[in-house]
Amino acid sequence: MKVFLDTNVLVDYLNKREPFFEDAASIIGICLSGQAKGVLSALSVVNAAYIMRKAYTKNSLMTKMEWLATAFEISPINRQTIHDALPLRGCRAMLLCRTIQIRPHPHP
């Protein structure tokens, strides 16, 4: 099973942000234990680094980003990703569109 982790989960975990840290730690723990494969959007990694840049030294932040890139699958965002998301319906489309920050066209 794959679990998509959004930016908030990353920031909650890495910054130990309450009241969400325990839930984020549980989800990430499931991924790290191999019970599920954690997937991150490339944009979520970049956004998390931007949000956390003032809380950590540059070296510490880069170490955290390297860990994310090693521990999780990184889903790319490119023209093809956007094109593939447009015809999708339902939750998968919303997750993908939220990740790439576009809104799907309403379906009649």
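A crossing of two helices is called left-handed if the near helix is turned anticlockwise from the far one by less than a right angle, and right-handed if clockwise. With that in hand, welcome to a predicted model, in which local features need pLDDT of at least 70, side-chain atom pairs count only at pLDDT 80 or more, and totals for chains, interfaces and linings use all residues. Residues are numbered from 1 along each chain as its sequence is written, and side-chain values use heavy atoms, with hydrogens and water left out. Helices (H or I, at least four residues) and strands (E, at least two) are DSSP runs, numbered from the N terminus.

**Helix 1 with helix 3**

- The crossing of helix 1 and helix 3 is right-handed; their axes come within 9 Å and cross at roughly 40°. (Axes are lines fitted to C-alpha atoms, for helices over the stretch in contact, and angles run from 0 to 180 degrees between N-to-C directions.)
- The two helices are therefore oblique to each other, given that angles under 35 degrees count as roughly parallel, over 145 as roughly antiparallel, 65 to 115 as roughly perpendicular and the rest as oblique.
- Helix 1 brings Thr-7, Leu-10, Val-11 and Leu-14 to the contact, and helix 3 brings Ser-44, Val-45, Asn-47, Ala-48, Ile-51 and Met-52; contact here means heavy atoms within 4.5 Å.
- Seven of the residues in the contact of helix 1 with helix 3 are nonpolar, three are polar and none is charged. (Ala, Val, Leu, Ile, Met, Phe, Trp, Tyr, Cys and Pro count as nonpolar, Asp, Glu, Lys and Arg as charged, and the others, Gly among them, as polar.)

**Helix 1 with helix 4**

- Helix 1 (residues 7-14) and helix 4 (residues 58-71) have axes that come within 13 Å and cross at roughly 125°, so this pair is oblique.
- The crossing of helix 1 and helix 4 is right-handed.
- From helix 1, Leu-10, Tyr-13 and Leu-14 meet Lys-64, Met-65, Trp-67 and Leu-68 of helix 4.
- The residues of this contact between helix 1 and helix 4 comprise six nonpolar, no polar and one charged.

**The sheet and the helices across it**

- Three strands form an open sheet in the order 1-2-3, with parallel pairing; two strands pair if DSSP finds at least two bridges between them.
- Strand 1 (2-5) and strand 3 (73-75) are at the edges with a single partner strand each, so one side of each has no neighbour in the sheet.
- From one strand to the next, the twist averages 35°.
- Strand 1 pairs with strand 2 (residues 37-41) in the parallel sense over four bridges, and Val-3 stands opposite Gly-38 in strand 2.
- Helix 2 lies across strand 1 and strand 2, at about 140° to strand 1.
- Helix 3 (residues 42-52) lies across strand 1, strand 2 and strand 3, at about 70° to strand 2.

**The loop between helix 1 and helix 2**

- Most residues other than glycine have a negative phi, and most peptide bonds are trans.
- Lys-16, in this loop, has a positive phi near 50°.
- Pro-19 is found in the loop too, and the peptide bond from Glu-18 to Pro-19 is cis, with omega near 10°.

**Confidence**

- The protein chain averages a pLDDT of 81, and 81% of the residues score at least 70; pLDDT is the predictor's confidence in each residue, from 0 to 100.
- Confidence is highest in helix 2 (residues 21-32), at a mean of 93, and lowest in helix 6 (residues 90-99), at 48.
- Over residues 96-108 pLDDT stays under 50, and the model has 24 contacts beyond four places in sequence for them.
- Where pLDDT is low, the predicted coordinates should not be read in detail.
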